[in-house]
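Here is my note on the model you asked about. Please read it with the structure open beside you.

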Amino acid sequence: MAMRMDDLGAGGGGGLARERVGGAELLRLLTWLSPSFPVGAFAYSHGLEQAIHEGLIHDRESLRLWLEDLISLGSGWNDAVLLAEAWRAARVKDSAALRDLAELAEALAGGRERHMETMLQGEAFLRAAAPWTGVAEPAPLAYPLALGETAARAGLPLEAVLTAYLHGFAANLLQGAVRLIPLGQSDALAILAALEAPLLAASARALRSSLEDLGSSTFLSDLIALRHETLYSRVFRS
Amino acid sequence: MIVAHPEAPARPAPQRAEGVLRLALKQEAGRTRPDRVYQEGCAKVRLVQGPLGATEAEPILINSSGGLTGGDRFSVEIELGPGAEAMASTQACERIYRASAGEVEIRNRLRLGPGARLDWLPQETILFDGAALSRSLEADLAPDSEFLAVEAILFGRKAMGESLTHATLRDRWRIRQGGALLHAEDLRLEGPVSEILARASMLKGGAALATILHVGRRAESLLEPLRGILGAQGGASFWRGRLLARLTAPDGLALRRRLEPALTLLRGGRPLSRLWRM
């Protein structure tokens, strides 16, 4: 399908969502999305370990394309849609919508390890964010929702949060994959540079998305993630 | 505007097809029988008597339009009363032809009462070049109902020399158990599908895929045997009360060769409908 007409309009993402980020908001964004913020992302490969094991990802170009697909048309895109929806619902304190979203995000995690990956990171994020939120014993919540809700309550603008989330998602998988293939650091950085345009495009699209925009094309990536459960010698938990 | 295309067969009738089927089944004296049947337009159902001693009903869904195109609508509702058992399949593969405008809408709604079992086993959906399909599967299960569902999709028919370059597909599943959302799927393909499907993360050039979901008492114990059947082009997982499998294949025949034993396993060894067996 072609681009939707409302992608071209000026509406949708106005107001707070497009505000420039600065001061305390910038600091929080940097802290919460830093690789050293203890969500434990480094333990998960989102199925990439299996894809590398089976030769589906084997060099710089195949890794770049896989990551681009996840962000633009796959599970990374779905995460961005869910994050945006959670951010909006939290802004207007719609707790019923947040409950439905929590259920949907869990039901959409398409396998045992994918479910563990998003739920354990969500829980770890909320626990680590306790100094800012004051919530010491958070309820279980998928990671993109945990971030979306927390960011909305802290007044962080949605587009910046989306970009930071997708960047963190891609950069974490990239770091794991370059060790497994293996690729050098210069290859990793070249991939990160090449992912800038698709990352920005996906966060701009997610800014104007609704739950109707959920949907992934990365069928083999989702299938491979199931096969990871039986991988004999593994470094990652997913 | 109608675009002529050498490879995609045109549906003969120009008017839009619409079909509505509502079927309610109930358990009576150890057998499952029709309670209410409503058929409208191109949707029909044939109820096959199972073999002697069989407890399940075998509704076979029929789309008498011979295929669907943009603007067509097909809706199926099946409700199983307490303890009812059924295996629903389709008489033929669902063909989705080139759409000149709009998309095909297929809505499937299933409701299972306490202790009911439904195996939702439609034959493959075939997308032809230029097809646009939006399909949803909604199922409401009681906490103790047993459920098996498959959706298999073929992108063109390679063996017939029919290739597919562009299409739109949205396939949405929402499976609820005791009112709570248990499982969700959102498959979405848009635009230059042959290019997209060629990618390693999508189908790596394959032309067929299937998703299977099973909820039931023995589901967890079937994970290992199911993996054995799926082999290297499939994956399966059991978590939080459901067994899920995904598989791909280079074509429809190769897909069916593994789907048939996989579905038979998940049916506890009960044979599939004759229409499924090769």
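1. Start with a definition: contact, or touching, means heavy atoms within 4.5 Å. With that rule, Arg64(A) touches Ile191(A), Ala194(A) and Leu195(A), not counting residues up to four places away in sequence. Arg64(A) lies in helix H3 (residues 60-73) of chain A. Helices (H or I, at least four residues) and strands (E, at least two) are DSSP runs, numbered from the N terminus. Is Arg64(A) buried or exposed? Arg64(A) is buried, with a relative accessible area of 18%. Buried means under 20% relative accessible area, exposed over 50%, and partly exposed in between (1.4 Å probe, protein chains only).

2. A word on the source. This is a predicted model, in which local features need pLDDT of at least 70 and side-chain atom pairs count only at pLDDT 80 or more, while totals for chains, interfaces and linings use all residues. Residues are numbered from 1 along each chain as its sequence is written, chains are lettered from A and ligands numbered from 1 in the order in which they are written, and side-chain values use heavy atoms, with hydrogens and water left out.

3. Now the cores. A nonpolar core is a set of buried Ala, Val, Leu, Ile, Met, Phe, Trp, Tyr and Cys residues joined through side-chain atoms within 4.5 Å. The largest one has 72 residues, and Leu48(A), Leu63(A) and Phe125(A) touch the most other members. Helix H9 (residues 158-180) of chain A gives the most to this core: twelve residues. A second, separate core has 56 residues, including Leu61(B) and Leu244(B).

4. Next, Glu151(B). This residue sits in strand S12 (residues 146-155) of chain B. Glu151(B) is buried, with a relative accessible area of 3%. Which side chains make polar contacts with that of Glu151(B)? Trp120(B) does, at 3.4 Å, and so does Arg135(B), at 3.1 Å. A polar contact is a pair of N or O atoms within 3.5 Å; within protein, one must be able to donate a hydrogen and the other to accept it, and residues adjacent in sequence count only if both atoms are side-chain atoms.

5. On to the interface. Here 42 residues of chain B are in contact with 33 residues of chain A. The two chains bury about 3,100 Å² between them, 56% of it on carbon and sulfur atoms. Buried area is the accessible area (1.4 Å probe) that two parts lose on being put together, summed over both. In chain B, Arg188(B), Ser201(B) and Arg246(B) lose the most area to chain A, together 20% of what that side buries.

6. The rule finds five salt bridges between chain B and chain A. A salt bridge is a side-chain nitrogen of Lys or Arg within 4 Å of a carboxyl oxygen of Asp or Glu. The side chains of Asp69(A) and Arg199(B) meet in a salt bridge (2.1 Å, N to O).

7. Last, some backbone points to check. The peptide bond from Ile181(A) to Pro182(A) is cis, with omega near -10°. Lys93(A) is not a glycine, yet has a positive phi of about 55°. Lys93(A) is exposed, with a relative accessible area of 73%. Arg240(B), also not a glycine, has a positive phi of about 45°. Arg240(B) is partly exposed, at 45% relative accessible area.
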